[in-house]
Each structure stands twice: as structure tokens, then as C-alpha cells.
Amino acid sequence: RSTRLQLDADIALKLRIANGTHTAVAHALALQQLLLTDVLSLDAAIHALWMESYLESLVRDQILVAAVPLFGEDESEACWADWKKR
């Protein structure tokens with residue numbers, strides 16, 4: 001990024017997407033008495049499947065709805081695409 005505005009947008013999107021999805025995952029796992037999010041990286045297909053669906057719905061229906069008007073669809077979608085690979 002080459003401008004302060006671009007950097008500010010990156011930080012704001014990170015806060016919405018990365019922190020928002022991590023918090024949502026942690027809460028959902030805690031309800032199942034799973035205390036660490038690393039359970040999703042294990043070979044536990046059932047956890048990965050429902051969590052992926054849950055996160056896609058959360059991001060599409062809540063996070064991107066708020067982010068797109070502020071940062072544009074391309075930037076918002078790119079941030080989510082980058083983050084969900086992690």
C-alpha cells in the first residue's frame with residue numbers, strides 16, 4: 001500500500017474480518033466445550049464443514065454488508081478471500 005488511506009482501509013477491514021470471524025469461531029467452539037480454535041486445523045472434517053458454512057454466512061450476511069459501502073466490494077471480498085486461506 002502506498003497511501004495512508006489504503007493502510008487505514010486495510011486495518012479497518014482486518015478488524016472487521018479477522019477479529020470478527022475469530023471471535024465468532026471462539027464463541028461457537030466454546031458452546032461445544034472446545035476451548036482452542038486449533039481444533040479446526042486437526043483432521044476433524046465435521047468441525048471444518050459446519051464452521052466453514054457458519055463463517056461464510058457470517059461474513060456474507062453481516063460483515064461484508066457493512067464493509068462494502070465503506071471499502072468497496074473488491075477490497076472487502078479480497079480481504080475475506082485472503083483471510084480465509086489462513
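These legends accompany close-up views of a predicted model.

**Figure 1. The overall fold of the protein chain is built from helices, three of them.** Welcome to the whole chain before we zoom in. Reading along the sequence gives the pattern α-α-α, and the chain has zero strands. Along its principal axes, the C-alpha trace spans about 40 × 25 × 20 Å. Of the 86 residues, 28% count as buried.

**Figure 2. A nonpolar patch on the surface is formed by Leu7, Ile11 and Leu15.** Together, these three residues have about 260 Å² of accessible area. Take a moment with Leu15, which is found in helix α1, residues 4-31.

**Figure 3. The largest pocket has a volume of about 510 Å³.** Helices α1, α2 (45-71) and α3 (73-84) each give two or more residues to its lining. The lining counts 15 residues in total. To find your way to the centre of the pocket, look for Val25, Leu40, Leu55, Lys84 and Arg86, the lining residues that lie nearest to it.

Figure 4. Helix α2 supplies the largest share of the lining, with five residues.

Terms used
Residues are numbered from 1 along each chain as its sequence is written. This is a predicted model: local features need pLDDT of at least 70, side-chain atom pairs count only at pLDDT 80 or more; totals for chains, interfaces and linings use all residues. Side-chain values use heavy atoms; hydrogens and water are left out. Patches are made of residues with over 30% relative accessible area and no salt bridge: like charges are joined within 9 Å, nonpolar side chains (Val, Leu, Ile, Met, Phe, Trp, Tyr) within 5 Å. Accessible areas come from the Shrake-Rupley method with a 1.4 Å probe; for residues, only the protein chains shown count as cover. A salt bridge is a side-chain nitrogen of Lys or Arg within 4 Å of a carboxyl oxygen of Asp or Glu. Helices (H or I, at least four residues) and strands (E, at least two) are DSSP runs, numbered from the N terminus. On a 1 Å grid over the protein atoms alone, a cavity is a set of points where a 1.4 Å probe fits but cannot get out, and a pocket is an open set with protein on both sides within 12 Å along at least five of seven lines; lining residues have an atom within 4 Å of a point. Grid points are joined across faces, edges and corners, and a volume is the space filled by probe spheres set on the points. Buried means under 20% relative accessible area, exposed over 50%, partly exposed in between (1.4 Å probe, protein chains only).
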